[in-house]
Amino acid sequence: MATQIPSLSAPPGYRPQADDTGSETDLLCFHLLSQRTPTERVTMAATMMQSARKLSLHCLSRQFAHLSPQAFARKLAEAWLQEDCPPDYIPTGSEMTWIQDSTELAAQLHRIFAVVGVPYYVTGGTAAITYGEPRTTRDLDVVISVPRDALTPLVTALEAAGFYVPGVDDAMTGRMRTLQVTQVATISRADLVLADDNEYERLKFQRRRLIPWPDGSEVYLVSPEDVVVNKLRWGQQSQSDKQWRDVLGVLKTQQEQLDYEYMHRWAAEFDLSGGLEQATLEAGVRAIADQQWATAIYPAINRAFELAQARNRTTQPRPGLDIADGNRYRLTRDSAAQTLTVVAKTDDREIARYDWQGTVLTTSPSLQDRQQWRAIAQRV
């Protein structure tokens, strides 16, 4: 039976993941990716990473055939870990273990964290490819919730499982907040980041998701919304195209499954609102984000109109047409059409229209509209 290819069209502002990819091809790829489960997407990425390691191992073994096994193992570690290669580190294991990828490492760490009782979530590239576009990633990023003075049981468990764990004293004293651990047998590394103590970090732990993993186990991942916010934060600091591509990949794959109001809340907190607006435009999900905003803000809009009526601040140009004229917005309730309409007075632009039950009929807010109605909602 032939596969049914849907008719897909790119909304204005849509951006493919690569300059040499057409919009229709990009849309189809992400339509197909969205049909896959997180487990299937991470399996696709794991296959890519294993293939990349196999190819690299083959090429390096030919190039450095003159080296002793121990010297070649060190050369391989330097090539794969680069500046993160620990001094005097000689990998054990063999070609079979060296081609392991970060997804296998995540499963192994999950078992260690479970035994020691350390809450955690996987973030970074591994989370981005699970929720979005599969790609290779060099290491694993994990956030752990453990007091600095209680690190010893975790370090002991990691070392017993074959991990090299430097910098423990620096982490315990607060000079560093990341344990950079390397699994000796597989040339695989992970950054274990000590969680901050703030509202956003606590929310990320509450919102983390237990995802079925390719080996049959389960692994905690940060939520897809928090992947987007975190990637926008990291991208703002590094100006990395990879971070932006990951953001678009998650948005394009998850689409209506995301909580855009949550993302906008924290984007505003971190001064990332403009970046998130641009990302939703380029990912082709602006309409979904706008719909969620209009639904979420309706109670405040309706309440603002009712307050204006109660204070005799509405006019009635004709029977059944009531208008509340505020400083920035004009709210019009039309009994004949059974609609409530919101218009921005600065440019006479309709930003939302609802039916009598509060269902969104049309919406197109600007970033400024979002910010102003957030403030209005707090007052009403």
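Author: Let's start with names: helices (H or I, at least four residues) and strands (E, at least two) are DSSP runs, numbered from the N terminus. Two strands pair if DSSP finds at least two bridges between them. Keep in mind that this is a predicted model: local features need pLDDT of at least 70, side-chain atom pairs count only at pLDDT 80 or more, and totals for chains, interfaces and linings use all residues. Residues are numbered from 1 along each chain as its sequence is written, and side-chain values use heavy atoms, with hydrogens and water left out.

Reader: How do you know that strand 6 and strand 7 pair?

Author: Strand 6 (residues 209-212) and strand 7 are joined by four bridges in the antiparallel sense, and at least two are asked for, so they pair.

Reader: Which residues sit on the covered face of strand 7?

Author: Val 219 and Leu 221 do, while Glu 218 and Tyr 220 are on the uncovered face of strand 7 (residues 218-221).

Reader: What makes Tyr 200 and Trp 266 a tilted aromatic pair?

Author: Rings of Phe, Tyr and Trp (its six-membered ring) pair if their centres lie within 6.5 Å; planes under 30 degrees apart count as stacked, over 60 as edge-to-face and the rest as tilted. By this rule there are nine aromatic pairs. For Tyr 200 and Trp 266 the centres are 4.7 Å apart and the planes make 35°, so the rings pair, and the angle falls among the rest: tilted. Their pair links distant parts of the chain, with Tyr 200 in helix 9 (residues 199-207) and Trp 266 in helix 12 (residues 260-269), 66 residues apart.

Reader: Why are Tyr 298 and Tyr 354 called tilted?

Author: Here the centres are 4.7 Å apart and the planes stand at 50°, so tilted is again the word. Tyr 298 belongs to helix 14 (residues 286-310) and Tyr 354 to strand 12 (residues 349-355), so the pair ties together parts that are 56 residues apart in sequence.

Reader: Is Tyr 298 buried or exposed?

Author: Buried means under 20% relative accessible area, exposed over 50%, partly exposed in between (1.4 Å probe, protein chains only). Tyr 298 has 16%, so it counts as buried. Tyr 354, at 0%, is buried too.

Reader: How many salt bridges does the structure hold?

Author: It holds 30. Among them, Arg 286 and Glu 277 meet at 3.9 Å, N to O. Asp 325 and Lys 345 form another, with N and O 3.4 Å apart. Asp 325 lies in strand 9 (residues 321-325) and Lys 345 in the loop between strand 11 (339-344) and strand 12, so the bridge ties parts 20 residues apart in sequence. Asp 325 is partly exposed, with 48%, and Lys 345 is partly exposed at 33%. Salt bridges that share partners also join Glu 83, Asp 84, Arg 138, Asp 139, Arg 189 and Asp 191 into one network.

Reader: Why are strand 8 and strand 13 said to stand at the edges?

Author: The open sheet has six strands in the order 8-9-10-11-12-13, with antiparallel pairing. Strand 8 (314-318) and strand 13 (360-363) each have a single partner strand, so one side of each lacks a neighbour in the sheet. Strand 8 is joined to strand 9 by three bridges, and Thr 315 stands opposite Ile 323 in strand 9.

Key
Salt bridge = Lys/Arg side-chain N within 4 Å of Asp/Glu carboxyl O.
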